[in-house]
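Let's take a walk through this structure together, one region at a time. Keep the sequence and the 3D view open beside you as you read.

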Amino acid sequence: MSANIVKISPGFEEIMPEDYRNLVKDGPYGRGLDVDKLGTFKELIEEHPLCAGCGLALSLRLILASLPNPEDTVIVGTTGCNSLSFSQVAIHNIHSLFGNQNAVATGLKRALKIRFPQKAKDVVVIGGDGGIGDIGLGMVMHSWFRREKITTIMLDNESYSNTGGQESGMSCEGAVLNMAPTGKKFPKISLPEIARDAGCVYSATITPASPKRLGKVVKQAILIARELGPTYVQIYCPCPTNYKFKPQESLKRAKEKEKDGSYPIKEYLSPPAKEFVEGLEVVNKPR
């Protein structure tokens with residue numbers, strides 16, 4: 001994996017789609033770009049089949065713009081709304097069986113370490129709340145117990161949205177959905193705290209209403225995982241389809257939940273992670 005993998009073989013330039021030619025010419029590979037530069041380069045995802053106003057689609061766009069080294073990153077996904085968009089993502093990605101994503105990511109990370117011992121190869125798990133917080137929770141937690149150096153990102157839309165709107169463990173208590181008409185009967189799972197106690201050296205919650213902050217959190221989590229151990233990021237992704245609000249209200253809803261504390265913004269850094277981040281800030285400080 002390197003920037004060379006996206007280059008077009010000589011003689012095929014004219015028959016490749018314009019989107020691909022633009023990606024080769026103006027993509028983010030090897031350029032160290034981030035959320036601040038959105039709109040100035042060809043992004044890793046520009047079209048997707050997700051619903052209008054989907055908070056997940058916006059979050060995925062911000063995540064992809066925040067990868068420290070997209071050309072040396074592999075994303076491992078699993079079943080869920082987000083998986084519908086990965087065929088449009090211009091980066092290596094694997095679709096695992098539902099819930100297996102952290103086991104697959106573990107094997108991949110270890111294999112890359114053996115094959116490329118001198119290079120940084122980032123493995124990032126991206127899944128929904130069903131894949132990470134419910135069905136795949138066992139695999140997720142055991143990767144944390146083992147201190148695997150991977151980043152796990154949950155796109156938390158607080159439901160099983162692509163199967164009609166069942167409640168998930170991440171739905172809030174009392175949430176009424178198409179397939180939960182009497183309301184959820186137990187509280188939302190406190191996964192950031194579980195991640196911390198299970199061995200993650202960094203865990204954070206964020207929403208796409210704070211795009212620069214989201215970009216910083218994702219980049220930080222990946223860089224920490226590369227050096228120290230497992231990291232976890234949980235992103236609130238408003239779902240207008242199942243929570244019955246207008247698509248144009250998604251960001252407003254995210255901002256309101258940040259402001260009123262109904263989706264608490266948290267960040268935990270272990271002492272080694274804190275020291276590591278302080279070191280990064282010194283290196284990146286303008287001179």
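Start at Glu158, which sits in the loop between β4 and α6. This is a predicted model, and in it the phi of Glu158 comes out near 60°, a positive value in a residue other than glycine. Is Glu158 buried or exposed? Its relative accessibility is 4%, and since buried means under 20%, Glu158 counts as buried.

Another residue with an interesting backbone is Arg147. You will find Arg147 in the loop between α5 and β4, the strand of residues 151-156. Arg147 is not a glycine either, yet its phi is positive, at about 65°. With 45% relative accessibility, Arg147 counts as partly exposed, because that class lies between 20% and 50%.

Now step back and look at the whole chain. It contains 10 helices and 7 strands. Its C-alpha atoms fill a box of roughly 60 × 45 × 40 Å along the principal axes. How does the radius of gyration compare with that of a compact globule? For 287 residues such a globule would come near 19 Å, and the chain has 19 Å, so the two agree. Of the 287 residues, 50% count as buried. The chain exposes about 13600 Å², and carbon and sulfur atoms supply 56% of that area. Contacts tell you about the fold as well: among those with a separation of 6 or more, 67% join residues 24 or more positions apart.

Next, go to strand β4 and pick out Ile153. At 0% relative accessibility, Ile153 counts as buried. Which residues touch Ile153, once those up to four places away in sequence are set aside? They are Ile63, Val124, Val125, Ile126, Gly127, Ile132, Val218, Val233 and Ile235.

The buried ones are Gly55, Leu56, Ala57, Ser59, Leu60, Leu62, Ile63 and Leu64. What covers them? The cover includes strands β1 (73-77), β3 (122-128), β4 and β6 (231-236), together with helix α7 (211-227).

Beyond its neighbours within four places in sequence, Ile222 is in contact with Leu67, Pro68, Asp122, Val124 and Thr151. Apart from neighbours within four places, Pro211 is in contact with Val35 and Leu62; Leu62 is one of the buried residues of α2. The C-alpha atoms of Pro211 and Ile8, 203 residues apart along the chain, are separated by 33 Å.

Our last stop is helix packing. Two packed helices are described by the angle between their axes and the distance between those axes. Take α5 (residues 137-145) and α6 (residues 191-198): their axes come within 8 Å and cross at roughly 40°. The two helices are therefore oblique to each other. From α5, the contact is made by Leu137, Met141, Trp144 and Phe145, and from α6 by Leu191, Ile194, Ala195 and Ala198. By class, that gives 8 nonpolar residues, with no polar and no charged ones.

Helix α5 also packs with α3 (residues 101-115), at an angle of about 35° and with the axes 7 Å apart. On the α3 side you will see Gln101, Asn102, Ala103 and Thr106, which meet Met139, Val140 and Ser143 of α5. What classes of residue make up this contact? It has 3 nonpolar, 4 polar and no charged residues.

Notes. Residues numbered from 1 in each chain as written. Predicted model: local features only at pLDDT ≥ 70, side-chain atom pairs only at ≥ 80, totals over all residues. Heavy atoms only, no water. Axes fitted to C-alpha atoms, helices over the stretch in contact; angles between N-to-C directions. Helix = DSSP H or I, 4+ residues; strand = E, 2+ residues; numbered from the N terminus. Parallel < 35°, antiparallel > 145°, perpendicular 65-115°, else oblique. Contact = heavy atoms within 4.5 Å. Nonpolar A, V, L, I, M, F, W, Y, C, P; charged D, E, K, R; others polar. Rg over C-alpha atoms; globule rule 2.2 N^0.38 Å. Buried < 20%, exposed > 50% of the residue type's maximum accessible area, 1.4 Å probe, protein only. Areas by Shrake-Rupley, 256 points an atom, 1.4 Å probe, with all protein chains shown as cover.
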